[in-house]
Amino acid sequence: MAADSLILASARSATRALFDLLMPPACMACKAPVATPISFCGDCYAALKPISGARCLQCAVPLPLKWQTETHCLGCLSEPPRFDRTAAPFLYDGPTRQLVLAFKNGREAYAAPMAAAMLRAAPGWAGPETLVSAVPLHRWRLASRGYNQALVLARAIASATGAPLDPELLLRVKATRSTRGLTRPQRQRNVQGAFRLADGAKDRISGRDILLIDDVMTSGATASAAAGVLKRGGAARVSVLVHARVAATDMAPYVEGARSQDDHGQS
Ligand SMILES: [Zn+2]
Ligand SMILES: [Zn+2]
């Protein structure tokens, strides 16, 4: 990122922090007044949709209630993603969606509670032997947003667990377009060649257990492309940990509360 956009980004973040100090605490999702800073109001808390039932062992998409046992979803069975497993505490819906969008738009202070929820969904996934990293943004998007929200979460996860953080394993070399409205094969084409391994990263990932962090998993195509690069570079295992999982569109008829369209867009 250019020095001037870095300065601009830190000025924005300092202004935001000052603003937050002066304003009464607001719900992380709907902005209603709350007693405790960095919390949900009662209504939003009650409307959260934790992923608590049966889910896909590989991509964490909720499975039909009647399946009961954990197995692979149809998408992962027909076209296995390159990552080994995924955990996500919440469905990308309602207050979680509002929270993630606010976080993406500058509410960096939400990272700590988001990371805590993520870690509860992935017990034992981050330890001293794990290498934590984040799905990178393309530099144009980084310059316009000021920070990579996935990296902010990765940093919070590393500091909460003591797992080492390697923020620069991957480079996003292709500015992918918004994934909104794309079909699964289109999403895969969209992210093809989007990532490459950073210079010297091969030595750091060889035989390692990588925990790749992102805010939201939509189809899994982005995480799969990133994991593919890490696997080809010699990583032993790639686990993906996100805060929210979009209920897959191809599961929509089977999953209660599934969204029929996803409006997450490119992360
Ligand atoms: Zn609320
Ligand atoms: Zn799956």
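**Figure 1. Crossing of helices α5 and α7 in the predicted model.** Helices are DSSP runs of H or I with at least four residues, strands are runs of E with at least two, and both are numbered from the N terminus. The two helices, α5 and α7, pack at about 65 degrees with their axes 9 Å apart; axes are lines fitted to C-alpha atoms, for helices over the stretch in contact, and angles run from 0 to 180 degrees between N-to-C directions. α5 and α7 are therefore roughly perpendicular to each other, a class that spans 65 to 115 degrees, while angles under 35 count as roughly parallel, over 145 as roughly antiparallel and the rest as oblique. On the α5 side the contact is made by Ala111, Ala112, Met114, Ala115, Ala116, Met118 and Leu119, and on the α7 side by Val152, Leu153, Ala156, Ile157, Ala160 and Thr161. Contact requires C-beta atoms, placed from the backbone, to lie within 7 Å. These contact residues of α5 and α7 divide into 12 nonpolar, one polar and no charged. Ala, Val, Leu, Ile, Met, Phe, Trp, Tyr, Cys and Pro count as nonpolar, Asp, Glu, Lys and Arg as charged, and the others, Gly among them, as polar.

**Figure 2. Packing of helix α8 on helix α10.** Helix α8 covers residues 184-191 and helix α10 covers residues 221-232; their axes lie 9 Å apart at an angle of about 40 degrees. α8 and α10 are therefore oblique to each other. The crossing in which α8 passes α10 is right-handed. Arg187, Gln188 and Val191 of α8 meet Ala221, Thr222 and Ala225 of α10. By type, the residues of this contact of α8 with α10 are three nonpolar, two polar and one charged.

Figure 3. Pro95, Thr96, Arg97, Leu99, Val100, Phe103 and Lys104 are the buried residues shown in α4. A residue is buried if 20 or more other C-beta atoms lie within 10 Å of its own, exposed if 12 or fewer, and partly exposed in between, with C-beta atoms placed from the backbone. Gly106, which follows α4, has a positive phi near 120 degrees. Arg107 counts as partly exposed because it has 18 C-beta neighbours inside 10 Å. Met28 is 79 residues from Arg107 along the chain, and their C-alpha atoms are separated by 8.9 Å.

Figure 4. Lys31 is in the loop between α1 (3-22) and α2, and has a positive phi of about 75 degrees although it is not a glycine. Lys31 counts as partly exposed because it has 13 C-beta neighbours inside 10 Å. Ile38 is also placed in the loop between α1 and α2; its phi is positive as well, near 55 degrees. With 16 C-beta neighbours inside 10 Å, Ile38 counts as partly exposed. Gly42 lies in helix α2 and, with 11 C-beta neighbours inside 10 Å, counts as exposed. Gly42 and Ala32 are 10 residues apart in sequence, with 9.9 Å between their C-alpha atoms.

Figure 5. Val238 belongs to strand β7 and counts as buried because it has 26 C-beta neighbours inside 10 Å. Leaving aside neighbours within four places in sequence, Val238 is in contact with Phe83, Asp84, Ile210, Leu212, Ala227, Leu230 and Lys231. The C-alpha atoms of Val238 and Arg208 are 8.6 Å apart, and the two residues are 30 apart in sequence.

**Notes to all views.** The protein has a mean pLDDT of 86, with 84% of its residues at 70 or more; pLDDT is the predictor's confidence in each residue, from 0 to 100. Residues are numbered from 1 along each chain as its sequence is written, and chains are lettered from A and ligands numbered from 1 in the order in which they are written. The model is predicted: local features need pLDDT of at least 70 and side-chain atom pairs count only at pLDDT 80 or more, whereas totals for chains, interfaces and linings use all residues.

Note on methods. A crossing is left-handed if the near helix is turned anticlockwise from the far one by less than a right angle, and right-handed if clockwise. Two residues are in contact if their C-beta atoms, placed from the backbone, lie within 7 Å.
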